[in-house]
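Subject: Structure handover

Hello,

Here is the structure for you to look over. My notes on it follow below.

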Amino acid sequence: MSILKNYINGNWQSSTSKETIDVVNPADQQVLAKVPYGPDMKNDVAEAVIAAQKAYREWSKVPVMKRVQALYHLKSLLEENSEVLAEIITNESGKTKAESFGEIQRAIENVEVACGTPMLMAGDVIEDIATGIDEMMIRQPLGVAACITPFNFPSMIVFWFLPYAIATGNAFIVKPSEKVPLTMMKIFEFIDQLDVPKGLVNLVHGGKDSVDAILEHPQIKAISFVGSTPVARYIYSKGTANGKRVQAQGGAKNPVVILPDSDIEMSTKIIADSVYGCAGQRCLAASTIITVDDQQREVKDALYETVKSRTTGYGWEEGVNMGPVITPESKTRIEGLIQKGIDEGAQVLLDGRNASISGYEKGNFITPTILENVALDKELIKTEIFGPVMSLISMTTIDEALSFVNSGNYGNMACLFTGSGANARKFRNEADAGNIGINIGVAAPMAQFPFSGWKDSFFGDLHGQGKHAIEFFTQTKVIIERWPNIWSRKF
Ligand code: NAD
């Protein structure tokens, strides 16, 4: 069984840590690789920073038009190899084939947007801000930046940051989730082919110890984190206390409101995709569905019909709509939350516990679950389930639904299904969430826009993707110049 190597200073090298943990296919528990782990990973982080710092000095002097040529090359390598990448994503994370291809596409779109850096990082100039004096603002890179990513999007999330960081002249370190490191191993084979200085982009494995080494290293100037809220909060507070620029995206609990004037058939199909896509392991997964004004029965019946026909199984097989959840511990936790909801008074319309998939009996499968009339003040409504569980609740007015939406701690996404522009306008204006969907089930911002979580779903100022990423990875410098008029002198 191979032990994964780090990619540091342009070389694949063994970790200094002898400790490892298994990377496991969640569909059948097959061990795919061993990934280095543990406190000695701090040596690997330190080595990566030395290499990155050296590369940064050279790279920041390379003209931006030349820097983005590496991104054009990376885009074509990702496109040419998308099939092999998608299969790795499915095998280590459990996603379906379509979901794996979908996230690669989103990664590529971020590379494309970052190719616009020669325009996006342009500064401002005012000539004659005072008589004979010009003032300009330019953007300069920060130095070495790092990202720490979760298991649920093994390729895409790194690309909310990496292409922008290097296009603006920084060096970069990637610390992927220890549960899904194989996708980045493959992507770093492509990075190895780019015409960039050795050490510009580095891959260091591990878990909390690697993260702590990143948080403590004085030469790492910026950290981009995506993961659960407690870890996001920890990284934001420790990173900023250590003087770093930090953007930390956390967990979520996303409500969806269906008004009586919506197209029920279309809405329920979209909502089912939103709840059960990636087995509910998406930070933008719909979780609580709120029907308004006595239409619960109609919505419930339509949802039931749509959901019961979904096929759960090994994601690479044709016709499978939903894969397993990531670990046996995750399956146990989700099944425990379903039981708790039932104990607290919810009725079960579909119970996905104790699922057994033929040929994949050891997999972490839970089939789609629907709970109705879940108690509003109880854990199931407040906790991020991160599994294929829909909680159906009923309210009487849009105002009541809105005040429920705004009562949660998270603010990643809120969606409304309606046929009324006035209701849509009210919702998008008043809902306390950073990403709003109107007749859209997964309001995932495209690469041009910031991935805009609020409340406990985000700690920081500038989000990932687009112009926010350009700003995050650069610091502004203002120059005021006066040039005495030498032309009038006689030589
Ligand atoms: P996680 O927080 O367990 O892990 C994320 C990263 O942090 C991993 O690289 C891991 O090695 C590291 N880590 C874990 N525990 C740590 C600790 N105690 N100290 C320091 N580092 C630690 O998250 P996960 O289970 O991999 O991912 C699922 C979570 O990510 C969900 O809560 C989901 O909502 C969230 N998520 C959020 C977004 C978003 O855009 N807001 C996107 C995707 C996922």
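**Around the ligand**

The shell around the ligand divides into 12 nonpolar residues, 12 polar and four charged. (Ala, Val, Leu, Ile, Met, Phe, Trp, Tyr, Cys and Pro count as nonpolar; Asp, Glu, Lys and Arg count as charged; the others, Gly among them, count as polar.) There are 28 residues around the ligand. Pro150, Gly227, Ser228, Gly251 and Cys283 come nearest. A residue is near a molecule if its C-beta atom, placed from the backbone, lies within 6 Å of it. Helices α8 (208–216) and α9 (229–241) each supply at least two residues of this shell. Helices (H or I, at least four residues) and strands (E, at least two) are DSSP runs, numbered from the N terminus.

Two points on how to read all this. Residues are numbered from 1 along each chain as its sequence is written. The model is predicted: local features need pLDDT of at least 70, side-chain atom pairs count only at pLDDT 80 or more, and totals for chains, interfaces and linings use all residues.

**Domains**

The domain assignment gives domain 1 (6–250 + 457–479) and domain 2 (254–438). These bounds come from an automatic or database domain assignment. The C-alpha centres of the two domains lie 31 Å apart. Their contact takes 17 residues from domain 1 and 24 residues from domain 2. Here, two residues are in contact if their C-beta atoms, placed from the backbone, lie within 7 Å.

On the side of domain 1 that touches domain 2, α3 (82–93) and α4 (97–114) are the elements that give two or more residues. The largest share, three residues, comes from α3. This side divides into four nonpolar residues, seven polar and six charged. The shell around the ligand draws at least three residues from each domain.

The UniProt record, an unreviewed entry, lists residues 12–479 as "domain: Aldehyde dehydrogenase". UniProt positions are given in the numbering used here, feature names are shortened, and annotations may be inferred rather than shown by experiment. Over residues 12–479 the chain is 38% helix and 22% strand. The end C-alpha atoms of that stretch are 42 Å apart.

**Core**

The largest nonpolar core has 152 residues. Such a core is a set of buried Ala, Val, Leu, Ile, Met, Phe, Trp, Tyr and Cys residues joined through C-beta atoms within 7 Å. A residue is buried if 20 or more other C-beta atoms lie within 10 Å of its own, exposed if 12 or fewer, and partly exposed in between. Ala52, Leu162 and Phe172 touch the most other members. Helix α1 (residues 41–59) gives the largest share, nine residues. Leaving aside neighbours within four places in sequence, Leu162 is in contact with Cys147, Phe172, Val174 and Val201.

In helix α7 (residues 182–191), the buried residues are Leu182, Thr183, Met184, Met185, Ile187 and Ile191. Their cover includes β3 (20–24), β4 (31–36), α3, β8 (171–175) and β9 (201–203).

**Two residues to look at**

Ala98 lies in helix α4. Ala98 counts as partly exposed because it has 13 C-beta neighbours inside 10 Å. Ala98 and Gly315 are 217 residues apart in sequence, yet 8.6 Å apart in space, C-alpha to C-alpha.

Val31 is in strand β4. Val31 counts as exposed because it has 10 C-beta neighbours inside 10 Å. Leaving aside neighbours within four places in sequence, Val31 is in contact with Met1, Asp22 and Val24.

Best wishes
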